[in-house]
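Hello,

I am passing a structure on to you, and I hope you enjoy looking through it. Please open it first, then read my notes alongside it.

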Amino acid sequence: MQLLQATRDAVLKPLSTVAGIVERRHTMPILANILLRKEGNRVAFIATDLEVQITTHADFGVGDDVESTTVAARKLLDILRALPNTGEVKLGLNDGKMSVNAGKSRFALQTLDGAEYPTVAQPESWNLSLSMPQRTLRKLFNMVHFAMAQQDIRYYLNGMLMVFEEGMVRTVATDGHRLAHAAETVESIGERHEVIVPRKTVLEMQRLLDESDEPVKIDLAAGQIRFTFGDVELISKLVEGKFPDFKRVIPTDYTRSFNINREALQSSLQRAAILTTDKLKGVKLHLENNLLQISSSNAEQEEAREEIEVNYEFEPIDVGFNVSYLLDVLAMAKTEEITWSVKPDVNASALISLPEETEFKYVVMPMRI
């Protein structure tokens, strides 16, 4: 029985959209599969890891019947990518196997019953619904995602805080050593909501969103968030826990600030980072007499030193930082200059902000070197 027929790229597009969340390691064999659900010419592609679920649709089903099955996501994706981009691809279902036919190529893949696929249950109603342009949401994610923790025992740090409040959406991420905050204005929201979106969901949304003004609808319910845009629906469980109070972490009493060329600072830090050790990615910064000196060294007693002219006429400051934390924010910024704010206290955090983005704040803690 034939399921669908289309060009290779037409089939690859929805398959690539959903296959990104399929785990290579899984507790249930069926989680290595994607669900294909055909209703007439409408075909749904669904993938889940039990925490996140992505659904997208395409109109290239064959026949009027209703059918569903699951097949190994990676195998089908690899086969389609390896096929020549000529002619049509036909997917069928015969004796419990999926057939993939294109030109003179023939494949037969094992399937599992579509009725056994564990789709994520959705709530009957949502507590909050709002829309914003895709480019706006993508920007909010891009500006803070690099500060999320990875596999931290404080599970609530392995994600991104989203704050929905009157006329504003905020995103905040921290791993305990640095914190990034961004915000964008939106239409009236009303009641305030704070949720923690899992790291995997954030990274998938960055991959799926584009730089368009097309709307993305956001729905919130107890323990769940849903993003709907174009032909894509992504549903994710939320992280339970209490996120740190970001307002207390972002100091407002900095007394020393200067602007610095972003590319010059980025290049100097990249060169200094070459002579840092893998375990201790530390660089020293010395500020004095309109000059920023950057230095690094390693166990082999090798040293690097860089100098950048800046408009700094305050007392001398010596402070150390993890160079990776600084390079992360500089790679994201894409602006000509950044604003660096410090305190005379070597144990105080530094604040990096962007002249063009008044709501962006990046706080990074110093390290002893």
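Below is what was found, starting with the aromatic rings.

Please keep in mind that this is a predicted model. It contains eight aromatic pairs. In one of them, the ring centres of Phe45 and Phe60 are 6.2 Å apart with the planes at 90°, so this pair is edge-to-face. Phe45 belongs to strand S3 (residues 42–48), while Phe60 is in the loop between strand S4 (52–58) and strand S5 (66–72), so the pair ties together parts that are 15 residues apart in sequence.

Another pair to look up is Phe258 with Trp340, which is stacked: the centres are 6.4 Å apart and the angle between the planes is 10°. Here Phe258 comes from strand S17 (residues 256–261) and Trp340 from strand S22 (residues 337–342), so parts 82 residues apart in sequence are tied together. Phe258 is buried, with a relative accessible area of 4%, and Trp340 is buried with 2%. Both also belong to a cluster in which ring pairs link Phe258, Tyr312, Phe314, Phe321 and Trp340.

In soluble globular proteins, nonpolar side chains tend to be buried together. The largest core here has 107 residues, and those touching the most other members are Ile34, Leu137, Met162, Phe164, Phe227, Leu265 and Trp340. Which helix gives the most to this core? It is helix H7 (residues 323–333), with eight residues. If you select Met162 and skip its neighbours within four places in sequence, you will find contacts that include Leu137, Phe141, His193 and Phe227. There is also a second, separate core of 12 residues, with Val172, Phe246, Tyr254 and Val363 among them.

Last, have a look at Asp175, in the loop between strand S11 (168–174) and strand S12 (178–185). Asp175 counts as buried because its relative accessibility is 10%, and the cut-off for buried is under 20%. A polar atom of the Asp175 side chain lies 2.9 Å from the backbone nitrogen of His177. Leaving out residues up to four places away in sequence, Asp175 touches Ala147, Met148, Ala149, Asp152, Arg154, Leu157 and Tyr325.

Best wishes

Methods:
Residues numbered from 1 in each chain as written. Predicted model: local features only at pLDDT ≥ 70, side-chain atom pairs only at ≥ 80, totals over all residues. Heavy atoms only, no water. Phe/Tyr/Trp six-rings, centres within 6.5 Å; stacked < 30°, edge-to-face > 60°. Helix = DSSP H or I, 4+ residues; strand = E, 2+ residues; numbered from the N terminus. Buried < 20%, exposed > 50% of the residue type's maximum accessible area, 1.4 Å probe, protein only. Core = buried A, V, L, I, M, F, W, Y, C linked by side-chain atoms within 4.5 Å. Contact = heavy atoms within 4.5 Å. Polar contact = N/O pair within 3.5 Å; in protein donor to acceptor, adjacent residues only side chain to side chain.
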